[in-house]
Amino acid sequence: MVKKIKVYDLNDPLQYEDEKNFWKQASIEFKLNALEEIRESYFKLKNISKDEFDKGLRRLYRVTEQKRS
């Protein structure tokens, strides 16, 4: 991936188009790594361990079976 730096005016709508194109062209691995970095930053900011976060997720879902008719 070629790295470029562009400086935009905050009101320049072209920056949003360039950003969308960047993420469209990025590989799945790159996107997942970026997402993981964001999650880790959030955990550090909120002083949450990953284990605590995973416990919370387990409480959010429940597996149910539907009755067959």
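Colleague: Let's start with one side chain: is glutamate 36 buried, partly exposed or exposed?

Modeller: Glutamate 36 is partly exposed, because its relative accessible area is 26%. Keep in mind that this is a predicted model, so everything we discuss is computed from it.

Colleague: Fine. Which partner does glutamate 36 meet in a salt bridge?

Modeller: The general idea goes like this: side chains of opposite charge can pair when their charged atoms come close. Here, the side chain of glutamate 36 meets that of arginine 39, with 3.3 Å from N to O. That passes because the cut-off is within 4 Å. Arginine 39 is partly exposed too, with a relative accessible area of 29%.

Colleague: And where do arginine 39 and glutamate 36 lie?

Modeller: Start from the geometry: an α-helix has 3.6 residues a turn, so residues three or four places apart point the same way. Arginine 39 and glutamate 36 both sit in helix H2, residues 28-46, and they are three residues apart, about one turn of the helix.

Colleague: How many salt bridges does the count come to?

Modeller: The count is three. Another one joins lysine 20 to glutamate 17, whose closest N and O atoms are 3.2 Å apart. These two are separated by about one helical turn, because they are three residues apart in helix H1. Lysine 20 is partly exposed at 45% relative accessibility, and glutamate 17 is partly exposed at 39%.

Colleague: What about aspartate 18: which side chain does it meet in a salt bridge?

Modeller: That would be lysine 6, at 3.4 Å from N to O. This pair links distant parts of the chain: aspartate 18 belongs to helix H1 (residues 14-25), while lysine 6 is in the segment before H1, 12 residues apart. At 22% relative accessibility aspartate 18 counts as partly exposed, whereas lysine 6, at 53%, counts as exposed.

Colleague: Let's zoom out. How many helices and strands does the protein have?

Modeller: Three helices and zero strands, which read along the sequence as α-α-α. Of the 69 residues in the protein, buried ones make up 7%.

Colleague: How do I read the packing of two helices? At what angle do the axes of H1 and H2 cross?

Modeller: Look at the approach of the axes and at the crossing angle. The axes of H1 and H2 come within 8 Å and cross at roughly 115 degrees. The two helices are therefore roughly perpendicular to each other.

Colleague: Which residues make that contact?

Modeller: From H1 you get Phe22, Trp23 and Lys24, and from H2 you get Phe30, Lys31 and Ala34. Sorted by class, the contact has four nonpolar, no polar and two charged residues.

Colleague: Back to H2 for a moment. How does its reach compare with the expected value?

Modeller: To check a helix, set its end-to-end reach against the value expected from its residue count. H2 has 19 residues and reaches 27 Å from its first C-alpha to its last, close to the 27 Å expected at 1.5 Å a residue.

Colleague: One last thing on arginine 39: how many Å separate its C-alpha from that of lysine 50?

Modeller: The two C-alpha atoms are separated by 9.4 Å, with arginine 39 and lysine 50 being 11 residues apart along the chain. Arginine 39 itself is found in helix H2.

Key:
Residues are numbered from 1 along each chain as its sequence is written. This is a predicted model: local features need pLDDT of at least 70, side-chain atom pairs count only at pLDDT 80 or more; totals for chains, interfaces and linings use all residues. Side-chain values use heavy atoms; hydrogens and water are left out. Helices (H or I, at least four residues) and strands (E, at least two) are DSSP runs, numbered from the N terminus. Buried means under 20% relative accessible area, exposed over 50%, partly exposed in between (1.4 Å probe, protein chains only). Axes are lines fitted to C-alpha atoms, for helices over the stretch in contact, and angles run from 0 to 180 degrees between N-to-C directions. Angles under 35 degrees count as roughly parallel, over 145 as roughly antiparallel, 65 to 115 as roughly perpendicular and the rest as oblique. Contact means heavy atoms within 4.5 Å. Ala, Val, Leu, Ile, Met, Phe, Trp, Tyr, Cys and Pro count as nonpolar, Asp, Glu, Lys and Arg as charged, and the others, Gly among them, as polar. The expected span of a helix is 1.5 Å times one less than its number of residues.
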